[in-house]
Amino acid sequence: MLSSMRKSAGSWMIKILLGLIVVAFVFTGAGSFYSQRDAQVAKVNGKPISIDEYQRTYYSIMQNIEQQFGNRLNQDLLDMLNVKDQALNQLIEKHLLLQVAAKNDIRVPDAALARAITEIPVFQNNGSFDAGRYRQLLEQNRMSPEGFETMQKESMKTGMIRNLVAGSIPVSETEARAWYNWRNTEAKIDYAVFSAGNFSDIKVSEEGLRQYFDANKQRYKTEPSLKVRYLRFDPESFRDEVRISDEQVTDYYESNPDEFKTPETVTARHILLQLPRDADENTVSENREKAMGIMKKARDGEEDFAELAKTYSEGPTAKDGGYLGSFEREDMVEPFSEKAFSMEPGEISDPVRTQFGWHIIKVEDRQQAAAQPLEEVKELITGKLAARQTRTIAYDSAWSLYEISFEGDDLAENARDSGFELETTDFFTKAKGPEELENSREFAQAAFDIPLMEISEVREIGDAYFLIQPVEEKASRIPDFKDVKERVNSDLTAQKQKDAARKTAEEFLKQVRSADSFADAAKAADVEIKTTDFFKRNQPVAEIRNSRQLSEAAFSLDRKNPVPDSVIEENDSFYVIRLNDQKVPEKNDFEAQKDNAVARLREQKRQRAVNKWIASLRQDSDISISDRFSD
């Protein structure tokens, strides 16, 4: 068993499972299965969190992360996400909430539980709960219905507690308006930029270079480097060994029916009479009457629908006779889509109201959902199965060599005997791998995790599999001055340019603050002034390298204090800014978005209230974490 898991260790999910096994051994040693299940990760007010529960939560989080990041998932990202602590904190919070639920006799009725489960889309077939699918999916995830229903009930209880704590948090119109204004106020700034690169008249001395080097020696310290030899197993090189039978193609086709379905589509034209969302009843009624008149002309055949669209439509497709092409149900807003997919070819609709206005729709063609015949997709399936099989053969070839190679020169000898070419790299660093490899950085990350002269497990890097053996390493060191003099010269010059830019910007800021106007100061100092377009608080400033720092500084200013106290550094440039203008949203803008603003602000306040309450609950609780877990 362990051998087969070792063989599959190139997969992230297998690595996750191996990690969980390690966690279990840390807590229980090589004890029985039951002792592992009973081991404790932590206690919450005396109630234990078992290693079994921790493993399930850890695995669930890892599945979500793998779905989110896919091939981008690597060890650095896992370390940053700190899944270990995520899982523990999630469980502590869950146990605290369940204890509150028990204390307050909060229960989930069986009918409510059943309704919640039957409404989960993954358990449905054609929109209805499928008991067979329910049991099948649970079995695939090694879970019993009873276990899943307990988890679902716990989730519903914790959700009820959160809702009770958050309650019906009030949001006044004044509060919502202030929040909306804060998010949507726009600013425009004048600015002068002082770039380090413009200060080219910089001189550095030999003595200055040596002093700079002595003060910054660690900056020039070389990175550790490594030389490795490796075997690359490219799946494409095994293509001639692959044979895909008709039976395999048919089996794949029948096992994956959803992959070969073509969705229902409608081909249509429309005539749009635009209407503001906040239009009054009279305007809405007038536009509908106009739309009814156009519809009557179209139905009576007085004029071709496409010509009517060119004449009357106010949408972007007017010039094309209102032609929308073919689209799926989800491609259009719901009222439009619902009507279009209820019509037959040649039919012209009554006016349909959407957020854009009134539409008159003519359906020209309609294609029902259908499955592509096997003959149409046979070549596609064959290619997919062949690609899969070449990867299997490549991996098995790598694994066969791995099984008989242990250390030292085994890899070289076995490669030679098996007819594979062993490559040797030049020295490379962890940050920059061998130049000859496409995925050089990923290769380097893997190589630096392998002890010297040991042979790696089979590693999947890019589109190929590798066996890697580090054969020589160089430790990091501080180089001689003469070896890095050119780099030191470049760094010191850049630093002096930056210092000069900063000093000039600060001197100009002093002039601005003492002058009658920004323009006067700029003219006196012979500095060019530029002006941005309006931008919002949560938007970067497009004219200034999308700088959020400058955006934040701009919104700290007002008409009484239009100039900041200090210059703003962005990369190797320094900015002096002045508030030019500021626009607060009009009342009508807020009225149109009021419901949305109230809902978003209420949700923010609810979340803050729940988080604050949980933090207080946690502080007042007795929570102990196993010493083995925290090691």
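Are F123 and Y134 buried or exposed? In this predicted model, both F123 and Y134 are buried. Their rings have centres 4.9 Å apart and planes at 85 degrees, so the arrangement is edge-to-face. F123 is placed in the loop between α7 (110-118) and β3 (124-125), while Y134 belongs to helix α8 (residues 131-140), so the contact ties together parts that are 11 residues apart in sequence. The pair formed by F123 and Y134 belongs to a set of 24 aromatic pairs found by a search of the whole structure.

A further edge-to-face pair is made by F443 and F466, for which the centre-to-centre distance is 5.5 Å and the angle between the planes is 75 degrees. This pair links distant parts of the chain, since F443 lies in helix α18 (residues 440-447) and F466 in strand β16 (residues 464-474), 23 residues apart. F443 has a relative accessibility of 0% and therefore counts as buried, and F466, at 2% relative accessibility, likewise counts as buried. Both F443 and F466 also take part in a cluster, linked by ring pairs, that includes Y230, F428 and F448.

Turning to charged side chains, the count comes to 35 salt bridges. One of them joins D190 with R578, whose closest N and O atoms are 3.6 Å apart. The two residues link distant parts of the chain, with D190 in strand β5 (residues 186-195) and R578 in strand β20 (residues 573-583), 388 residues apart. D190 counts as buried at 9% relative accessibility, whereas R578 counts as partly exposed at 27%.

A salt bridge is also formed by E264 and R366, with the closest N and O atoms 2.8 Å apart. Here too the pair links distant parts of the chain, as E264 is in the loop between β7 (261-262) and β8 and R366 is in strand β11 (residues 357-367), 102 residues apart. The relative accessibility of E264 is 18%, so this residue counts as buried, the threshold for that class being under 20% relative accessible area.

In the salt bridge between K319 and D320, the closest N and O atoms are 4.0 Å apart, a value that can be set beside the cut-off, which requires the nitrogen to be within 4 Å of a carboxyl oxygen. K319 counts as exposed at 64% relative accessibility, and D320 is partly exposed, with a relative accessible area of 43%. Salt bridges that share partners join E264, R329, E344 and R366 into one network, and the bridge between E264 and R366 described above involves two members of that network.

The surface was also examined for charged patches. A negative surface patch is formed by E421, E423, D426, E435 and E436. Within this group, D426 is found in the loop between β13 (423-424) and β14 (428-429), and D426 is exposed, with a relative accessible area of 62%.

Another exposed aspartate is D278, which has a relative accessibility of 61% and is found in the loop between β8 (265-274) and α13 (281-300). The C-alpha atom of D278 is separated by 9.4 Å from that of N588, although these two residues are 310 residues apart along the chain.

Note on methods: Residues are numbered from 1 along each chain as its sequence is written. This is a predicted model: local features need pLDDT of at least 70, side-chain atom pairs count only at pLDDT 80 or more; totals for chains, interfaces and linings use all residues. Side-chain values use heavy atoms; hydrogens and water are left out. Patches are made of residues with over 30% relative accessible area and no salt bridge: like charges are joined within 9 Å, nonpolar side chains (Val, Leu, Ile, Met, Phe, Trp, Tyr) within 5 Å. Accessible areas come from the Shrake-Rupley method with a 1.4 Å probe; for residues, only the protein chains shown count as cover. Lys and Arg count as positive and Asp and Glu as negative; His and the chain ends are not counted. The place of a charge is taken as NZ of Lys, CZ of Arg, CG of Asp or CD of Glu. Helices (H or I, at least four residues) and strands (E, at least two) are DSSP runs, numbered from the N terminus. Buried means under 20% relative accessible area, exposed over 50%, partly exposed in between (1.4 Å probe, protein chains only). Rings of Phe, Tyr and Trp (its six-membered ring) pair if their centres lie within 6.5 Å; planes under 30 degrees apart count as stacked, over 60 as edge-to-face and the rest as tilted.
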